[in-house]
Amino acid sequence: MGYILRQEYFAPGMTALVLWILILTSGDLARETERIFLYAAGVLLTVVFMDAGRGLAVGLPWLRHTLTVGIHSVRPVLAFMVLYAGYKRELGAGRWIRWLLAVNALVMLSSYFWRGVFYYDDRGSLVRKFWGFLPLATACVYLGIFLIFSLREIREGDRKKGWITLIIGMVTALVASIENMGNFLGVINMTAALSFTFYYMYDHVNKNNSDSLTGLPVRRVFYQDAARGKDVITAVLSLDLNDLKTLNDTYGHKEGDRALVTMARTVEAHMDKRCRFYRTGGDEFMMLCYRMGRADVEKMIGQLKVAMSETKYRFAIGYALYTPEKGLDQACMEADEAMYANKAHMKGGKARCMNRYCEQDEK
């Protein structure tokens, strides 16, 4: 029992267990997000128990070898879960990336009859051969992708999330290298436990700032950002998804949700990097643009219209230039008026634009 209570096993095990209990009892995050963190905590607990069991199985060579195979097969899953928890949407289907885990597990299983992976010598010491470092290489691939996504997030998306994930990725990679180069048992397990717990807490706190459907910042964040950036904001845009009520009434709320998500993703993908996009109401969206002149704003609006025309949905848009003297409320009012004028112009003299039956984008 004292062996199990050693710090390298007890601390990460208890941290993962507390995280598991916290997830099961809170129910505040989206179901998919909670499922990811539950899997991560479960994988971590599995690794910790196998690590502890391997130390107890000194007199049982076959069991010790089996536990080592399990540890080296499951350890890269921790790196994958770090990547998946942070950037599930960016990975998409990404089936090839999961095959790396299967390949690693098969190679580890081959150690039963092939010494090119690892084996225990007569003194009971673990000897790793070339293929024995495949778990570390697999984890490094996942952490490398994680760092790339983090850097892109810093440049193009949510800088706070980008910096948090970048630090998590760099610390995890550093600790993994330290544990593999020296006799520092349990540090990678403890680092993974702290990383998952910290990122879960970040998601838990951040959920109140993000729209649950689209993932966009909500109205409160819009006003907070506007107050903080009042000296560098140059334009305010108002966007409104056309015919959301009709979509909901005719095709059901799933179709309406699909339209909202399509609009959010389309605008996010094609808007200028100097802007930030918000969902402020049911079918209402706002955008703040920083250090952009009228020509740049109008060019971006044209690009957004073209991009949206490639979907089966449409939106109206208007903008107002912003100055501290004008104030946010006045700028929002002018942007709303321009958006409603655009909406009226889109519907005036033409058939109403209805979902999938829209043949062309109204000018």
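How many of the nine residues of strand 3 (residues 233–241) are buried? Eight of them are, so strand 3 is largely enclosed by the rest of the structure. The model described here is predicted. Its protein chain has 363 residues, of which 48% count as buried, and its secondary structure comes to twelve helices and six strands.

**The chain as a whole**

- The protein chain exposes about 19,000 Å², and carbon and sulfur atoms supply 61% of that area.
- Among contacts between residues at least 6 apart in sequence, 66% join residues at least 24 apart.

**Strand 3 and its partners**

- Strand 3 is joined to strand 5 (residues 284–290) by seven bridges, and the two run antiparallel.
- Within this pairing, Leu237 has Met287 of strand 5 as its bridge partner.
- Strand 3 is also joined to strand 6 (residues 315–321) by seven bridges, again in an antiparallel arrangement.
- In strand 6, Leu321 is the residue that stands opposite Ala235.
- In a regular strand, side chains alternate between the two faces of the sheet.

**Aromatic pairs**

- A search of the whole structure finds nine aromatic pairs.
- Tyr87 has a relative accessible area of 1%, which is under 20%, so Tyr87 counts as buried.
- Phe277 and Phe285 form a stacked aromatic pair, with 5.3 Å centre to centre and 20 degrees between the planes.
- Both Phe277 and Phe285 are buried.
- Phe80, Tyr84 and Tyr142 form one aromatic cluster.

**Charges over rings**

- Arg64 places its charged end over the ring of Tyr120, at 4.1 Å from the ring centre.
- Lys305 lies over the face of Phe315, 5.3 Å from the centre of that ring.

Terms used
Residues numbered from 1 in each chain as written. Predicted model: local features only at pLDDT ≥ 70, side-chain atom pairs only at ≥ 80, totals over all residues. Heavy atoms only, no water. Helix = DSSP H or I, 4+ residues; strand = E, 2+ residues; numbered from the N terminus. Buried < 20%, exposed > 50% of the residue type's maximum accessible area, 1.4 Å probe, protein only. Contact = heavy atoms within 4.5 Å. Areas by Shrake-Rupley, 256 points an atom, 1.4 Å probe, with all protein chains shown as cover. Phe/Tyr/Trp six-rings, centres within 6.5 Å; stacked < 30°, edge-to-face > 60°. Lys NZ or Arg CZ within 6 Å of the ring centre and 35° of its normal. Pairing = 2+ DSSP bridges.
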